[in-house]
There are 4 protein chains.
Amino acid sequence: MKPKYAVILSNVGSCSDRFVADGYGPPYTIEELFARVAQIPQVTGVELVGTWHVTESNVAELKGLLEHYELQLVSIIPDHFGQMKWKHGSFAAKDPAMRNAAVAHTKEMIDAAVELGGNLISLWPGQDGYDYLFQADYIQERDWFAEGVKEVSRYRSDVRISLEYKIKEPRTHSYLSTAANALLIAQETGSDNVGVTIDFGHALNAYETPADSVALLKKYGNKLFHVHMNDNYRHWDDDMIVGSVHTIETLEFFYWLKRTQYDGWLSIDQYPYREDGLEAVREGVNAMEAFVKLADSIPEEQIERMFRHGNSPEITAYLRKLLVSSI
Amino acid sequence: MKPKYAVILSNVGSCSDRFVADGYGPPYTIEELFARVAQIPQVTGVELVGTWHVTESNVAELKGLLEHYELQLVSIIPDHFGQMKWKHGSFAAKDPAMRNAAVAHTKEMIDAAVELGGNLISLWPGQDGYDYLFQADYIQERDWFAEGVKEVSRYRSDVRISLEYKIKEPRTHSYLSTAANALLIAQETGSDNVGVTIDFGHALNAYETPADSVALLKKYGNKLFHVHMNDNYRHWDDDMIVGSVHTIETLEFFYWLKRTQYDGWLSIDQYPYREDGLEAVREGVNAMEAFVKLADSIPEEQIERMFRHGNSPEITAYLRKLLVSSI
Amino acid sequence: MKPKYAVILSNVGSCSDRFVADGYGPPYTIEELFARVAQIPQVTGVELVGTWHVTESNVAELKGLLEHYELQLVSIIPDHFGQMKWKHGSFAAKDPAMRNAAVAHTKEMIDAAVELGGNLISLWPGQDGYDYLFQADYIQERDWFAEGVKEVSRYRSDVRISLEYKIKEPRTHSYLSTAANALLIAQETGSDNVGVTIDFGHALNAYETPADSVALLKKYGNKLFHVHMNDNYRHWDDDMIVGSVHTIETLEFFYWLKRTQYDGWLSIDQYPYREDGLEAVREGVNAMEAFVKLADSIPEEQIERMFRHGNSPEITAYLRKLLVSSI
Amino acid sequence: MKPKYAVILSNVGSCSDRFVADGYGPPYTIEELFARVAQIPQVTGVELVGTWHVTESNVAELKGLLEHYELQLVSIIPDHFGQMKWKHGSFAAKDPAMRNAAVAHTKEMIDAAVELGGNLISLWPGQDGYDYLFQADYIQERDWFAEGVKEVSRYRSDVRISLEYKIKEPRTHSYLSTAANALLIAQETGSDNVGVTIDFGHALNAYETPADSVALLKKYGNKLFHVHMNDNYRHWDDDMIVGSVHTIETLEFFYWLKRTQYDGWLSIDQYPYREDGLEAVREGVNAMEAFVKLADSIPEEQIERMFRHGNSPEITAYLRKLLVSSI
């Protein structure tokens, strides 16, 4: 596997939560964030977020920063989640004006991405869903959602639209909830340039085995377009440093990326509430690199043996020797 | 809504768990189970389980019992989960002999169902999945799974094959895990007679809103073929009495069955570990009847208003008045 | 039961999350928040949060507002969670200066509470815990935590200190995690004026049955000092409107408050991300009132019968008739 | 740390679940189980289960087997969960005859343990709890529970009674649910010989960090009496092979056993549904041994540094180098 490492720009900065709205750390300018990313040697690409980083007026400036820091634009994540106006949804909002706004903003971000040398939009419509029972006409709103995605996918066929699923948060229930659900929506659009982003932690939250999610997307049309990496304790999107909780799931995930010839980016998506963002990303990237190497080192015949027999004491013994001991 | 009530035959009997393998109550003969079902006036149909109830040699006897007790055969649930031999899977087993056995048994049960006047197979391949990481070639095994389902679906086009998804148990991870996943598999078979069973509790376990699962299956091809009812505390398939935990989810579920013109059976699937099975089913059916009536009583304009505005204080007030008070 | 209804002042305003740090709605001044609370007829008390509402300089102003709007001060919740400075903890922080600051701020809030006619401090040290494995000397930090609580409890014996437990968030793991854990800490202080706050949703998050938590606190020293009401989907502290998800758990909870002669406040603790805060609180209070009445209406002999037999079909039938139908 | 390895006798055999009541593998006689345990070189002790292994009439035979196979009796786990008669509880049963039976059986098992050279009873009253809301007088039943434990603890002060907590299963809710809850009950008995068993998987199920549970029991009276090892995916007691899922939690757990000078047994408690029980236990023991060594190898100054700073990028880097790479 020839990995390409990236990071969402804001990850090297500070972040807030509902109790500390002002942020757990100092704010950084966009230029400072770029300068921080540039300190991590393995990182060659960066993801930008609409509104937070990309506005109508700063594309030229961003172009300069990308060039100056020798970073590629990996994707733009349009802002369908970060402003009060999206609180009732974006593509699936009840208000047609908001649905139109969601589409329009995405098209702008597609243009910006192309302008910045990119060809990927990572779509995370986190506000599309519902909180309360009896709050939504699920069919109608799912239809709207797919129509919006279809429309933006038809805007430019040379830009890929990658759907990042998440089972909940900020809504108690999301429409774009699981890998299988994302595949249904991608199929519904009928557009070849629509695929799926696996966020490692989101997969865990949906009780998916992340490696199995890679396989599922391979099986149903080679639809894994992008990867976001982090870790958590399964019940919530804690957005912790890669590999800090799930050693074996992380290893199996990177193995399956290799097995399925994934050739996209490996991008950090962490929330460093109490950490220095730069140090957290640096260690996240080091972890990705270490797991990639370890996954690469497993002989294929060993894999085939484990898959053929499925004998768990043997599998556990192999992994123990690999990770913990040579006993 | 014109509901038709049914029950899985074993539900009126006793059951066991891993600690009390001998069962929490006395065993019943098949005839006794029929006689018990017949004591519940609203129930007009029954589901039978392969091996447990249906064998190669007792179809004629079962036919007699169905006629004698004036019960319709709702479905047969082939046995892909209840014997030691399935421990490594059925349709997705690594051993081709087991995969063949899974298909062969299903065909036998299809024949038996037709013989008994039925036209539905409720397929729950609970042993198809994996327990440990690195234990399975997910793509290969998912392929085998879909091939097996496809093959049995082609056996008789006048018998519907309904896939009952469940996110885990008895395996720690199932292949047929969620409503969306079941839809992908149904599509993959290319057979119109393949659809999906929603088990209310399984939907909760996958963090689905059961009413939303009804909507999803409607949207993607009108694929809700069958319903199993019970309740639980979300984290595990506790198989409790209908409505004993989730009042509002249950109400919303029955509303959406009506809204989507579901015309199949409403079938009890409870595990009465410490209850008398007959009394537990009787109350489960009473609950279904009560929720159906209550769902029917909600004026459509009220629903439309809630869906259009999505205003949660208003929705909560309406439901409170409906369920708790007239304050 | 003679209920006294209250609300945390910020609940009638707007709130933010990690994606919309600027807030999902318009900001309100403290006076506006008071004016909004005053529009809910049943509410006679208010809880104030340190820093957010209570500062060194505004106690006199707050006194005027309480008088003007004829509201009692129910409690002050000191700020141990809402500023960047608490990011590594308060009572259990590794830095002794922060531990001292946590104690000092609590004492100030005790003084302010007395000045405002109150006698209850609701302590929610949400930042005390850990995120990563190997990050903490659990014994040392738990010792510090208990010492701090002990110190503030000795400051004024006529003010009650009520510990609000929560299993996680904002840390991935809290020290003050469950009802039983809170009891151990309360015992450790050796102070009679230390008790426990049940937040209904926090109890659900810890897989407690909220009514059982009431019983546990009664059994071990009559230690239920305060109640926060809301609802959620069990897995996370969604802080939804009272009764919007869990009908039966909510009913059972109010029944046990009555059974154990709880005579404290019933206080709303909701987060109205996408709702109008005033309307959400109004409906939350209406729900509390309705559930209190319904709980009061259950004949004691019915309760005793259910507890004595524990027969679930009978219990389910009774609750169905109470809530859904008279079938 | 000088570890002593043990196993629950039935672990090297076969097991069943609610779908395959006849068992997933062949049955073994008690003597065969002993012979299988004896094949694992590191194992020097064995735990026996009441009814399953220990009856009124076979104590002499068991004594012979222990001697012949040179195994120590680690504990007896009385049967309060494995027969139909316990279905409504044991120490907390509504029926006083059952409560008396629970106490009487425990005393018999205490006598048997002493006769067999043991001094530990591992009490797992798994049927004590409730399934449905409004099913129990929680205070009354919790009182009965503590009274029963107190009575058996007074029977012989030279035998330790260790309470194994578990948040659910087989009941949907257990009384002996968490480490903190177990401590409250132990305190309530007023008996020094009552302590707590941590089952690693049960701790995960209650969203405890297992190492933190060790610390909690140390802090509140040095009450960790016994350890059961296995692993799972957090949501359910999957009883998998040690270390097969949670690498870092397992390492931290063994580190804290060492830090708190735990000198009891490390005993396997796995359910080998689809594995050969002997091979699964052998690998579980190998894993324990490997983790003990790795935990021993971490320099104390490294630990102190991590605890003092709590700096997660640094901690993650250290653990990555230890487990995954030397990058």
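1. Basis. Residues are numbered from 1 along each chain as its sequence is written, while chains are lettered from A and ligands numbered from 1 in the order in which they are written. Because the model is predicted, local features need pLDDT of at least 70 and side-chain atom pairs count only at pLDDT 80 or more, whereas totals for chains, interfaces and linings use all residues, and side-chain values use heavy atoms, with hydrogens and water left out.

2. Extent of the A–B interface. Chain A contributes 54 residues and chain B 54 residues to the contact (heavy atoms within 4.5 Å). The two chains bury about 4,700 Å² between them, 64% of it on carbon and sulfur atoms; buried area here is the accessible area (1.4 Å probe) that two parts lose on being put together, summed over both.

3. The interface of chain A and chain B holds 8 salt bridges, a salt bridge being a side-chain nitrogen of Lys or Arg within 4 Å of a carboxyl oxygen of Asp or Glu. A:Lys219 pairs in this way with B:Glu188, with the closest N and O atoms 2.5 Å apart. On the chain A side, the helices that each supply at least two of the residues touching chain B include α4 (138-153), α7 (210-219) and α11 (312-323), where helices are DSSP runs (H or I, at least four residues) numbered from the N terminus.

4. Over all chains, the structure holds 92 salt bridges. In one of them, A:Arg18 meets C:Asp237 with the closest N and O atoms 2.9 Å apart. A:Arg18 lies in the loop between β1 (4-8) and α1 (30-37) of chain A and C:Asp237 in the loop between β9 (224-229) and α8 (247-259) of chain C, so the pair joins two chains; strands are DSSP runs too (E, at least two residues). Both A:Arg18 and C:Asp237 are buried (under 20% relative accessible area, with exposed over 50% and partly exposed in between, 1.4 Å probe, protein chains only).

5. Two pairs within chain C. C:Lys63 and C:Glu115 form a salt bridge at 3.9 Å between the closest N and O atoms, linking helix α2 (residues 59-68) to helix α3 (residues 96-115) across 52 residues. C:Lys63 is partly exposed at 32%, and C:Glu115 is partly exposed at 44%. C:Glu279 and C:Arg282 also meet in a salt bridge (3.3 Å, N to O), and they are separated by about one helical turn because they stand 3 residues apart in helix α9 (residues 277-297) of chain C.
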